[in-house]
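Please keep the sequence and the model in view while reading.

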Amino acid sequence: MSNTLKASSSGFTGAASHLITLWALLGGGVLLLVVAVNMLSIIGSVFGTPFPGDFELTEMGVAIAVFAFLPYCQLVGANVSADIFTAGASRRVIAFFTLLGSLVALVFALLLIWRMYYGMLDQKDYDYTTTILQIPHWMAFVPILISLALLALAALVTLLQDMAALSRGHH
């Protein structure tokens, strides 16, 4: 966890951090459930009774979990970075690029919220469901949209922190 995040664990930043961390832990729980379903399916296959729809649940569960981890990765600075390009850069240049990355993450999150929301409405309007379990596709969009809203929140938090770091002249 970044030093800035640890230092400001109260107020708006602290509340956002706790909420985002809890959401990531819930995403981990979903991933554990996916593993359990797959284990049950494999064990059931050995005895001739596989878990019906296991691949449908895996597909939805993994997508939900991946999106649940995105806000946490943004918050703690665990996203992919190309340090080779900034290895010789000053702290101020690195702080500027970090700020730029937070801004891009915020715009990207808002764009995805907009498009995924309309994607969810289309899935609901056309009544798309999974083949075996008949789970409506739009239901998976709800936690994904929450994840994207939390990604926007995390990007806003990191953007504010990056602006403060840049104004101080370091990262």
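What volume does the second largest pocket have? The second largest pocket has a volume of about 160 Å³, taken as the space filled by probe spheres set on the grid points, which are joined across faces, edges and corners. A pocket is here an open set of points on a 1 Å grid over the protein atoms alone, where a 1.4 Å probe fits, with protein on both sides within 12 Å along at least five of seven lines; lining residues have an atom within 4 Å of a point.

The model is predicted: local features need pLDDT of at least 70, side-chain atom pairs count only at 80 or more, and totals for chains, interfaces and linings use all residues. Residues are numbered from 1 along each chain as its sequence is written, and side-chain values use heavy atoms, without hydrogens or water.

The pLDDT, the predictor's confidence in each residue from 0 to 100, averages 91 over the protein chain. Confidence is lowest in helix α1 (residues 3-7), at a mean of 46, and highest in helix α3 (residues 54-76), at 97. Helices are DSSP runs (H or I, at least four residues), numbered from the N terminus.

Helix α3 also gives the largest share of the pocket lining, five residues. Among the lining residues are Val30, Leu33, Leu57 and Ile64.

Key:
Helix = DSSP H or I, 4+ residues; strand = E, 2+ residues; numbered from the N terminus.
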